[in-house]
Every structure is written in C-alpha cells, then in structure tokens.
Amino acid sequence: MGAPETPRGRVLQTAGGAYTVEVNGVPRECSLRGRIKLDKSIGRVAVGDVVEIEELDDGSCVISGVLPRNNKISRRRTGSGREQVIAANADRLAAVFAVVRPEPAFSLLDRFLVLAEANEIPAFVVANKLDIAGDEEARRKFGLYEEIGYEVLYTSTKLPANIDVLGEHLAGHVTLFVGPSGVGKSSLLNALQPGLGLRVGELSQALQRGKHTTVGACLHPLDVGGYVVDTPGLGTMEFSEVGEARLDSCFREFRTYLDQCRFDDCAHVHEPGCGVVEAVSAGEIARSRYESYVGILGERE
Ligand code: GDP
Ligand code: ZN
C-alpha cells in the first residue's frame, strides 16, 4: 500500500501572501508554509506552479511543497537584478494581434517570439479582427510569419468556426496569451468560453494605470482542458530577458545563415562577411525581422 497522496493543485493567482490554488477543479485560498518561503532554490511561488497542499484542522489551506518547474517566464528588474517570475510551466505561447484597429506592431510580435524561442516554448500567432480586414490584408501582413514557420490562426469573434480552431490549439495546454491591449484577447476567450469572467477592456484598464505598474499574471482554467495565462504588462512593458540563449538563434529564419558568418561571434551588425546581413540584402530574411533583431540587440548592450 502506497503512502496517501498529498493533494496537488495549480496556482491560479497570487496577491501578496495569498495564493489561489485550483484543487480538484475548485479554487481555494492558500497561504505559504514558512519553510517554503525560505527555500532559495524555489524562490517565490509563482502563477502556474504545481504545488502540494495541506488542509489544516481549522479548515484553512497551506502550500507545503512546490513541484519542479518545467520552465518559467521571468524578467529581471534593472538595478536590483532580482528575478521576477511572471509565470511557471507554460508550454505554449499565443501572440495575439489584430489585423487592423490597432495596426499590428510587428516589433512587439518579434519580441514575443524571441521570448518563446529563448524559453523553448512553441509559439503561434493569432491575427484577429479578420471581419474588419479581410483575408487578403491579413495574409499580406502576417504571411511572413507563416513563411518562417509559425502557425498563424486568422480569427474573428464573429466567426465561430475560427474560435473552435483556437479552442483546439488551447486544449490541454498552459498557454501564455500575450499581445497589446485592444486586439481582442478578452473577446476571443469569452467567445471560446462564455463566463470565463474576462471583461472586455479589462486588460486595457489595468495597463492604463501606468507602464510601471506590475499587474500579476493570472491562470484561467478552460472547459476544454488546460489554462490560458493572462500576462498583463507584457503587452507594453519592455522585456529583453533572453537568458542564456543567443539572440540570433531566437530568430528562427536566421539559423541557416549563422554558420556562413566569417566570425564565430558575429553580431550581424557591422562585421564583414556576415551571412545574416547578406541574406537580408538578398531578400531572404525580411528587413523588418532584422530590424527587430538589431533593436533588441541594442537594448542588451
Ligand atoms: P484586449 O484588450 O486584447 O483584451 O481586447 P478586447 O477583448 O477588450 O477588445 C477590444 C475591442 O475590440 C472591443 O471593443 C471588442 O469588441 C473589439 N473586438 C475584439 N475582437 C474583435 C473581432 O474579432 N472583430 C471586431 N470587429 N471587433 C473585435
Ligand atoms: Zn553575422
């Protein structure tokens, strides 16, 4: 006979010292056992963490252990150097943009894709508001991303068939749902699952509080299985944390050219004999993507 299993749950939200943990499908408020607070190897318990919980005699709940993370999305505050984990255990990233209203900011899309590549999280693109743009414009704007190997889902909250396809992509995964405000993230999730509790315009309001306000991430359980992770703040805040990964290889279409550079440590900017720069000149790498690369590179230095 095995030892009785400690109940496990997933952290949906954190606020100060309070944690909302989904246990057997039910959200429960938990606190942290003191011993865990001190465990340096874990750091802080984050949204998305799978935790062990214990129910105390008085009916309250404590988190008594944290399971090893598969990954974490984090950023480091400049100056303090302290790592802030935004979310743990995400296994998908959906970068959501509108085809129009607002016009897509492709430099931000490229940043999201770098974030995904650097953390080895498979990413796909959602191009929303197809109803007010049309196929041709949508593919003209987002076709590049299909060419370099990302799946692009063209959606509209007004086209139920596309919402079903989105649901299939989210089912069973923990998906970071990122994108600027106003592109329809809340609307899409509400169309997928009425009653998810996301108010249209909610994220925008949170962002208007100020660029430097930290708004915590939040996991929403899906009826189709899995979770979407709201990451307010990632839509506008600067994040250039790529960790140990090489920035150039986070641009996946650069990879085939990297061994054509004359210098092993080529930054692909001013160096002679650069395979990436040559590919840009030859039209094999899109200039917009190269400019995003140079932009992020400049911030890292
Ligand atoms: P979020 O900030 O990304 O969560 O965006 P919202 O879901 O709040 O949507 C912003 C605005 O765009 C709202 O007025 C929505 O009604 C509208 N919207 C969202 N999706 C669509 C769409 O597919 N088509 C059209 N025409 N409008 C949309
Ligand atoms: Zn180079």
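Predicted model: local features only at pLDDT ≥ 70, side-chain atom pairs only at ≥ 80, totals over all residues.

Colleague: Fine. Which residues are the protein donors of the zinc ion (ligand 2)?

Modeller: Cys 261, Cys 266 and Cys 274 each give their SG, and His 268 gives its ND1. These donors lie 2.0 to 2.4 Å from the zinc ion (ligand 2).

Colleague: And what spacing do the donors follow along the chain?

Modeller: For the zinc ion (ligand 2), the pattern reads C-x4-C-x1-H-x5-C.

Colleague: What's the arrangement of the four donor atoms, and why?

Modeller: Tetrahedral, because the angles they subtend around the zinc ion (ligand 2) run from 103 to 116 degrees.

Colleague: Is His 268 buried or exposed?

Modeller: Buried: His 268 has a relative accessible area of 1%. Cys 261 is buried too, at 9%.

Colleague: OK, switching to charges. How many salt bridges does a search of the whole structure find?

Modeller: It turns up 11. One of them is between the side chains of Arg 33 and Glu 54, at 2.9 Å from N to O.

Colleague: Where do Arg 33 and Glu 54 lie?

Modeller: Arg 33 is in the loop between strand S3 (26–32) and helix H1 (34–37), while Glu 54 belongs to strand S4, so the pair ties together parts 21 residues apart in sequence. Arg 33 counts as partly exposed, with 25% relative accessibility. Glu 54 is also partly exposed, at 31%.

Colleague: What about Glu 117 and Arg 255, how do those side chains meet?

Modeller: In a salt bridge, with 2.8 Å from N to O. Glu 117 sits in helix H2 (residues 106–118) and Arg 255 in the loop between S13 and H8, so this pair ties together parts that are 138 residues apart in sequence.

Colleague: Is Glu 117 buried or exposed?

Modeller: Glu 117 comes out as buried, because its relative accessible area is 18% and the cut-off for buried is under 20%.

Colleague: Which residue does Lys 158 pair with?

Modeller: Asp 131; their side chains meet in a salt bridge at 3.6 Å, N to O. Lys 158 is in the loop between strand S10 (151–154) and helix H5 (160–170), and Asp 131 is in helix H3 (residues 130–133), so to speak a link between distant parts of the chain, 27 residues apart. Lys 158 is exposed, with a relative accessible area of 61%, whereas Asp 131 is partly exposed at 39%.

Colleague: And which residues do salt bridges that share partners join into one network?

Modeller: Glu 103, Glu 137 and Lys 141.

Colleague: Rings next. How many aromatic pairs does the structure hold?

Modeller: Seven. Among them, Phe 251 and Phe 254 are stacked, with 5.0 Å centre to centre and 25 degrees between the planes. Both of these Phe residues are buried.

Colleague: And how is the pair of Phe 251 and Tyr 293 arranged?

Modeller: Edge-to-face: the centres are 5.7 Å apart and there are 90 degrees between the planes. That pair links distant parts of the chain, with Phe 251 in the loop between strand S13 (227–230) and helix H8 (275–281) and Tyr 293 in helix H9 (residues 287–300), 42 residues apart. Phe 251 and Tyr 293 are both buried.

Colleague: Which residues do ring pairs link into a cluster with Phe 251?

Modeller: Phe 254, Tyr 290 and Tyr 293.

Colleague: What sits over the ring of Tyr 154?

Modeller: The charged end of Arg 139, at 4.4 Å from the ring centre. Likewise, Arg 252 lies over the face of Tyr 150, 4.0 Å from the centre of that ring.

Colleague: Last topic, strands. How many bridges join S4 to S5?

Modeller: Five, and S4 and strand S5 (residues 61–66) run antiparallel. Ile 53 stands opposite Ile 63 in S5. The two strands form a hairpin with five residues between them, and Gly 59 in the turn has a positive phi of about 90 degrees.

Colleague: In which sense do S1 and S4 pair?

Modeller: Antiparallel, over three bridges, with strand S1 covering residues 8–15 and strand S4 residues 50–55. Arg 8 is the residue opposite Glu 52 in S4.

Methods. Residues numbered from 1 in each chain as written. Chains lettered and ligands numbered in written order. Heavy atoms only, no water. Pairing = 2+ DSSP bridges. Helix = DSSP H or I, 4+ residues; strand = E, 2+ residues; numbered from the N terminus. Phe/Tyr/Trp six-rings, centres within 6.5 Å; stacked < 30°, edge-to-face > 60°. Buried < 20%, exposed > 50% of the residue type's maximum accessible area, 1.4 Å probe, protein only. Lys NZ or Arg CZ within 6 Å of the ring centre and 35° of its normal. Salt bridge = Lys/Arg side-chain N within 4 Å of Asp/Glu carboxyl O. Donors = N, O, S within 2.8 Å, 3.2 Å for Na, K, Ca; no water. Tetrahedral: all angles 85-135°; square planar, octahedral: opposite > 155°, others 65-115°.
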